[in-house]
Amino acid sequence: MNTTHSLNSSKSWSIQEVEALYELPFNDLMTLASKTHQTFFPEGDIELATLLSIKTGGCPEDCGYCPQAARYHTGVTATKLMELEEVLEAAKSAKAAGSNRFCMGAAWREPKDRDIEKVAEMVREVKALGLETCATLGMLEATQAQALKDAGLDYYNHNLDTSEDFYGAVIKTREYQDRIDTLTHVRHSGMSVCCGGIIGMGETRRQRASLISRLANLNPYPESVPINHLVPVAGTPLEHQEPLDPLEFVRTIAIARISMPKARVRLSAGRQALGRAVQAMCFMAGANSIFYGEKLLTTGNPEAQEDLLLLKELGLHPKMNQTAEIAV
Ligand code: SAM
Ligand code: DTB
Ligand code: SF4
């Protein structure tokens with residue numbers, strides 16, 4: 001394996017090249033990923049990002065993995081958009097717990113312009129607390145992306161989620177191209193892009209390779225790459241999905257690191273089920289960000305103290321904000 005091209009941060013990646021990485025002996029792949037990580041992130045810290053669901057459930061889309069789709073009976077209660085004060089309380093707690101980034105998620109297919117005005121106000125106020133801001137609100141028009149950028153939004157999260165040829169098996173209410181269009185508007189607005197996917201939905205290895213190739217070939221590739229492990233939620237069509245081999249998940253993290261060397265690769269949903277050993281391997285493979293706090297949007301996540309302890313035991317340093325009030 002030629003390692004020099006893997007350390008090139010602006011190379012394009014064919015599906016075949018990504019598949020070739022999957023086929024490497026596991027230890028060779030881990031060594032290459034680790035070398036890439038050390039080259040591009042010599043400080044080796046772990047970013048902490050906290051999620052808040054600012055508008056939960058009742059979503060008209062049919063994403064087969066999602067507990068917030070109105071059409072599935074998952075026990076999630078739909079809510080209206082949260083009030084500003086409640087969002088600020090959560091952001092202050094996240095800051096006190098050491099988080100660097102606060103990500104506001106809404107179960108919308110696409111926001112209305114009046115929703116954007118309200119979220120823009122939240123963004124301004126959260127940013128004034130000294131946190132990095134991120135939002136994930138569904139599909140955006142160019143003018144909406146610009147309004148969020150003008151309010152001070154640092155990142156917009158919008159995932160490709162899987163390969164183009166597997167997309168229709170999981171989501172029928174929108175097209176892959178809709179995702180690409182929103183990502184284009186976000187990039188043109190000047191915001192940083194947070195874009196990744198879900199692994200373990202029944203896709204083939206080639207389809208995983210295709211997802212990574214699409215992400216790595218976005219020009220430029222995303223600054224943040226959340227790699228979610230499917231959380232099989234009761235009531236969703238993927239509830240009984242056969243579990244993925246954990247080593248295949250670790251491989252995917254390593255390949256995301258190698259193909260997008262300067263990105264923050266976030267070990268995202270599904271950490272509770274992965275356990276400590278697999279998470280440790282993901283950090284070795286180059287993951288350098290986590291969702292931090294006991295809740296994702298509607299499902300569970302490890303307790304903050306448990307995560308800080310894990311990082312400490314592994315000798316990893318969280319990238320904490322300066323005013324954190326937490327100690328392990
Ligand atoms: N509605 C917006 C959208 O779809 O872009 C934003 C919120 S949506 C919940 C954000 C992301 O959460 C999805 O793109 C998907 O990657 C992730 N997600 C949702 N349910 C999940 C699950 N059960 N397991 C893993 N990831 C999940
Ligand atoms: C992302 O890629 N993962 C996060 C965030 N972006 C918004 C969401 C994970 C959601 C997991 C299912 C839930 O908690 O509802
Ligand atoms: Fe709606 Fe987003 Fe869930 Fe799809 S992933 S059902 S768009 S909240």
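In strand β7, Ser224, Pro226 and Asn228 point one way and Val225, Ile227 and His229 point the other, and all are buried (under 20% relative accessible area, with exposed meaning over 50% and partly exposed lying in between, for a 1.4 Å probe and protein chains only). This is a predicted model, in which local features need pLDDT of at least 70 and side-chain atom pairs count only at pLDDT 80 or more, while totals for chains, interfaces and linings use all residues. Residues are numbered from 1 along each chain as its sequence is written, chains are lettered from A and ligands numbered from 1 in the order written, and side-chain values use heavy atoms, leaving out hydrogens and water.

Back to β7, which spans residues 224–229: 6 of its 6 residues are buried, so the rest of the structure largely encloses this strand. Strands (E, at least two residues) and helices (H or I, at least four) are DSSP runs, numbered from the N terminus. Strand β6 (residues 197–199) pairs with β7 in the parallel sense over 3 bridges, pairing being called when DSSP finds at least two bridges between two strands. Within that pairing, Ile198 has Asn228 of β7 as its bridge partner.

Ile198 also turns up among the residues touched by Tyr65, along with Asp161, Val170, Met201 and Val231, when residues up to four places away in sequence are not counted (contact here means heavy atoms within 4.5 Å). Tyr65 joins Ile54 and Leu137 as the residues touching the most other members of the largest nonpolar core, which has 92 residues. Such a core is a set of buried Ala, Val, Leu, Ile, Met, Phe, Trp, Tyr and Cys residues joined through side-chain atoms within 4.5 Å. Helix α10 (residues 246–259) gives the most to this core, with 7 residues. A second, separate core of 8 residues includes Ala49, Leu51, Cys103 and Ala269.

Tyr65 and Val231 show up again at ligand 1: with Asn159, Asp161 and Arg179, they come nearest of the 18 residues around ligand 1 (those with a heavy atom within 4 Å). A backbone N or O atom of Tyr65 sits 2.9 Å from a nitrogen atom of the ligand, and Val231 likewise places a backbone N or O atom 2.9 Å from a ligand nitrogen. For Ala106, the corresponding distance is 3.4 Å. Ligand 1 exposes 560 Å² when taken alone, and the protein buries 90% of that (Shrake-Rupley areas, 1.4 Å probe).

How values were computed: A polar contact is a pair of N or O atoms within 3.5 Å; within protein, one must be able to donate a hydrogen and the other to accept it, and residues adjacent in sequence count only if both atoms are side-chain atoms.
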